[in-house]
Amino acid sequence: MRADRTAQVMLAALVALTTGCGAGGGGPREATTSSPAGAAPVRATPSTPGGSPEGTPGQDPAGTALAGKVVVLDPGHNGGNAAHPEEINRPVDIITQRKPCNTTGTSTDAGYAEHAFAWDVARRLRPLLEKEGARVVLTRPDDRGVGPCITERAAIGNKARADAVLSIHGDGAAPGGHGFHVLLPGLIAGHNDAVVAPSRKLGLAVREAYRRGTGLPYSTYAGREGLETRTDLGGLNLSTRPAVFVECGNMRNRGDAAKLSDPAFRERIAASLAAGLTTYLRTG
């Protein structure tokens, strides 16, 4: 079966299960609305691939679609960042400039934090990828720590030799803007030349699957047609692997915030991201 068809079937099946999913705790820019987060390194947490029961004729057997692939999931920020400004504000070099090591991220008006949103989406997304045979590495093991720094997050993906790196965020833009967008690495000659093109392919796959699976529109306030190229994000500048950030919606917008705060919708987000990653990894 073609990769895009496989991803569509996977997305349809996963989204159909969202009403039975439970809640959890779980945003993208390295520097959104709160103080930055630069912290002590947090060890990556590789996972083991899922099983591989036989599939139906014409399809990949369950658990084999992503066999041999490594995916690094980077849930933005961390729950302990706000309490440690001395660590997260430490400046680090991201090639194009120096930035705070990390940030606290944004939140909805009701107080649902970006770091909790990002963590919850990552924990939902991880088993979906593992079920297809991927090895998944997280840049942080929980939502109670500090950091890791943006430079360390990039290093985790590089060390894992990730086939794809996805950094998960919720934006903190003006309340009038809504929708999602995917952040792509801009060219920094001599540093990321080899990953700009594959990162764009990854970003396109994530964008298409996210829009199809969640129904959210492209951002009305950033980028163009759901894509924005950046050279000021350490997680992109320092990556030697295909990498993108996804701003899953604007947490300061009332409509987007209601969706991102809903556990069932976060399951749809996870299923959509899994479908996008699968498309890229099958064709990339």
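Predicted model: local features only at pLDDT ≥ 70, side-chain atom pairs only at ≥ 80, totals over all residues.

Colleague: Where does isoleucine 95 lie?

Modeller: Isoleucine 95 is in the loop between S3 and S4. Its phi is positive, about 80 degrees, although the residue is not a glycine.

Colleague: What about glutamate 225, what is its phi?

Modeller: Phi of glutamate 225 is near 50 degrees, again a positive value in a residue other than glycine. Glutamate 225 sits in the loop between H5 and strand S8 (227-230).

Colleague: Is glutamate 225 buried or exposed?

Modeller: Exposed. Its relative accessible area is 54%.

Colleague: And which residue takes a positive phi just after H4?

Modeller: Arginine 161, with a phi of about 50 degrees.

Colleague: Which residues does the cis peptide bond join?

Modeller: Glycine 147 and proline 148, with omega about 0 degrees. Proline 148 belongs to the loop between S5 and H4.

Colleague: New topic. How many disulfides does the structure hold?

Modeller: One. Cysteine 101 pairs with cysteine 149, and their sulfur atoms are 2.4 Å apart.

Colleague: What does the pair tie together?

Modeller: Parts that are 48 residues apart in sequence, because cysteine 101 lies in the loop between strand S4 (98-100) and helix H3 (114-131), and cysteine 149 lies in the loop between strand S5 (135-138) and helix H4 (150-159).

Colleague: Is cysteine 101 buried or exposed?

Modeller: Buried, at a relative accessible area of 0%. Cysteine 149 also counts as buried, at 0% relative accessibility.

Colleague: Let's go to the strands. How many residues of S9 are buried?

Modeller: Eight of its eight, so S9 is mostly covered. Cysteine 248 is buried, with a relative accessible area of 0%.

Colleague: Which way do S6 and S9 run, parallel or antiparallel?

Modeller: Parallel, joined by six bridges. Leucine 166 stands opposite valine 244 in S9.

Colleague: And S7 with S9, in what sense do they pair?

Modeller: Antiparallel, over three bridges. There, valine 182 has valine 246 in S9 as its bridge partner.

Colleague: Now the inside. Which residues touch the most other members of the largest nonpolar core?

Modeller: Leu73, Leu125, Leu129, Leu166, Ile269, Leu273 and Leu277, out of 44 residues in that core. Strand S2 (70-75), H3, S5, S6, S7, helix H5 (193-214), S9 and helix H8 (263-283) each supply at least two residues of it.

Colleague: One more residue. Where is the place of asparagine 253?

Modeller: In the loop between strand S9 (243-250) and helix H7 (254-260). Asparagine 253 is buried, at a relative accessible area of 12%.

Colleague: Which residues does asparagine 253 touch?

Modeller: Pro175, Gly176, Gly177 and His178, not counting residues up to four places away in sequence. A polar atom of the asparagine 253 side chain lies 3.3 Å from the backbone oxygen of glycine 177. The backbone nitrogen of glycine 255 lies 3.0 Å from a polar atom of that side chain.

Colleague: And alanine 174, buried or exposed?

Modeller: Exposed, at 54% relative accessibility. Alanine 174 lies in the loop between strand S6 (164-171) and strand S7 (181-185). Its C-alpha atom is separated by 8.2 Å from that of asparagine 250, 76 residues apart along the chain.

Colleague: Last one, the overall picture. How many helices and strands?

Modeller: Eight helices and nine strands. Buried residues make up 57% of the 284 residues. The protein exposes about 11100 Å², with carbon and sulfur atoms supplying 53% of it.

Key:
Residues numbered from 1 in each chain as written. Heavy atoms only, no water. Helix = DSSP H or I, 4+ residues; strand = E, 2+ residues; numbered from the N terminus. Buried < 20%, exposed > 50% of the residue type's maximum accessible area, 1.4 Å probe, protein only. Polar contact = N/O pair within 3.5 Å; in protein donor to acceptor, adjacent residues only side chain to side chain. Contact = heavy atoms within 4.5 Å. Areas by Shrake-Rupley, 256 points an atom, 1.4 Å probe, with all protein chains shown as cover. Disulfide = S-S within 2.5 Å. Core = buried A, V, L, I, M, F, W, Y, C linked by side-chain atoms within 4.5 Å. Pairing = 2+ DSSP bridges.
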